[in-house]
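Biologist: Please walk me through this model. I will ask, you answer.

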Amino acid sequence: MISVKAYAAQSATAPLAPFSFERRDLRPDDVQVNILYCGVCHSDLHQVRDEWGGSMYPMVPGHEIVGKVAAVGTAVTKYKVGDTVGVGVIIDSCNTCKHCQADYEQYCVEGATGTYNAMERDGVTVSQGGYSSGIVVKGKFVLKVDDRLNLSAVAPLLCAGITTYSPLRFAGVKSGMKVGVVGLGGLGHMGVKFAVAFGAEVSVLSTSPSKEADAKRLGATNFILTTDKEQMKQYGSYFDIILDTVSANHNFTGYLNLLGLEGKLLVVGLPPEAPKVAPFSLISNRRSIIGSMIGSMKETQEMLDFCAEHNVVADVEVIAAADINNAFERLVKNDVKYRFVIDMNTL
């Protein structure tokens, strides 16, 4: 067994604290990774505090992992010791269902295995995540990372990045299209960066006028204050695509009305209550609402390669492991631009 250090929650009400545990010995198809950086996702907070239900303790969160290969199993040929790699939201799937066979592991019929707070395929082991010094993962679920990029800023690409890249690619975003991004947070800022890199005209839709300067800095052409009825009316039937990244309760209808013919509302946020939809706003212009969840291994690697080519990374604030509880409190207040990343050398 491989001993690792970590930060873990012992219950839904306990702060994260230092924790030691053991990873499994390498199987033939495994890769052992020494973790350099791990991004802090809002879903880490939800699961640590059992806000979605079903949390298992002790829990080591973290699914935005960048590190160096420390060892490989006897059957692994794709990676070697010293390679820079990433691990994202899932670490396994059934690998045999029609979705897995079509390179859609995130939609595995049996359910993909989460990087933490999930039962591994052996039915006994609870997965533990990246707020730790190392991890052992099946090689298929390890990704190559280009060393030319700022590795701390790469970490959030493994969740926030692919969560926004995948639906924009699915919708065929390209030069000449008009894309709106709802919300300028951890997900939204990546949505803006990708849509701009794909050549689209990008607009940020937000309830916060203070975010206009940042929206423009990230490459947005327009900033629309969604509380301004006149502005919203001005952009009626304007967009080809709207990417909705907001996880607070809100009404979809207002955004649907901004879509032109066959416009698509791409939903990646997770509001606690079901959003309202006016059917007339759907049938007008033959609009559609499309959900999307992370991306496959193939698509995530495609995204990482695209980011290396176009120098697209997240805007991050690097923190020490001991500062994670304060970071969680700041997350609740949306006090981060735009993603916390833990420097695992501080464990």
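**Helices and a pocket**

Modeller: Gly-161 touches Pro-156, Met-190, Phe-194 and Met-303, leaving aside residues up to four places away in sequence; contact means heavy atoms within 4.5 Å. This is a predicted model, where local features need pLDDT of at least 70, side-chain atom pairs count only at pLDDT 80 or more, and totals for chains, interfaces and linings use all residues. Residues are numbered from 1 along each chain as its sequence is written, and side-chain values use heavy atoms, with hydrogens and water left out.

Biologist: Is Gly-161 buried or exposed?

Modeller: Buried means under 20% relative accessible area, exposed over 50%, and partly exposed in between (1.4 Å probe, protein chains only). Gly-161 has a relative accessible area of 0%, so Gly-161 is buried.

Biologist: Which helix holds Gly-161?

Modeller: Helices (H or I, at least four residues) and strands (E, at least two) are DSSP runs, numbered from the N terminus. By that count, the place of Gly-161 is in helix α4.

Biologist: How many residues of α4 are buried?

Modeller: Among the buried ones are Ala-160, Ile-162, Tyr-165 and Leu-168. Their cover includes β10 (178-182), α5 (186-197), β13 (239-244) and α10 (297-310). Helix α4 (residues 160-170) is largely enclosed by the rest of the structure, because its buried residues number nine of the eleven.

Biologist: What arc do the buried residues of α11 cover around the axis?

Modeller: In α11 (residues 324-332), the buried residues are Ile-324, Ala-327, Phe-328, Arg-330 and Leu-331. They lie on the same side of α11, because the arc they cover around the axis is only 165°. The arc is that of the directions from the helix axis to the C-beta atoms. What covers them includes β1 (2-8), α1 (42-48) and β17.

Biologist: Which elements give two or more residues to the lining of the second largest pocket?

Modeller: The second largest pocket holds about 280 Å³ of space. On a 1 Å grid over the protein atoms alone, a pocket is an open set of points where a 1.4 Å probe fits, with protein on both sides within 12 Å along at least five of seven lines; lining residues have an atom within 4 Å of a point. Of the 15 lining residues, Tyr-104, Gln-106, Ser-166, Phe-170 and Glu-299 are the closest to its centre. The elements giving two or more are α4, β15 (288-291) and α10.

Conventions. Points joined across faces, edges and corners; volume = space filled by probe spheres on them.
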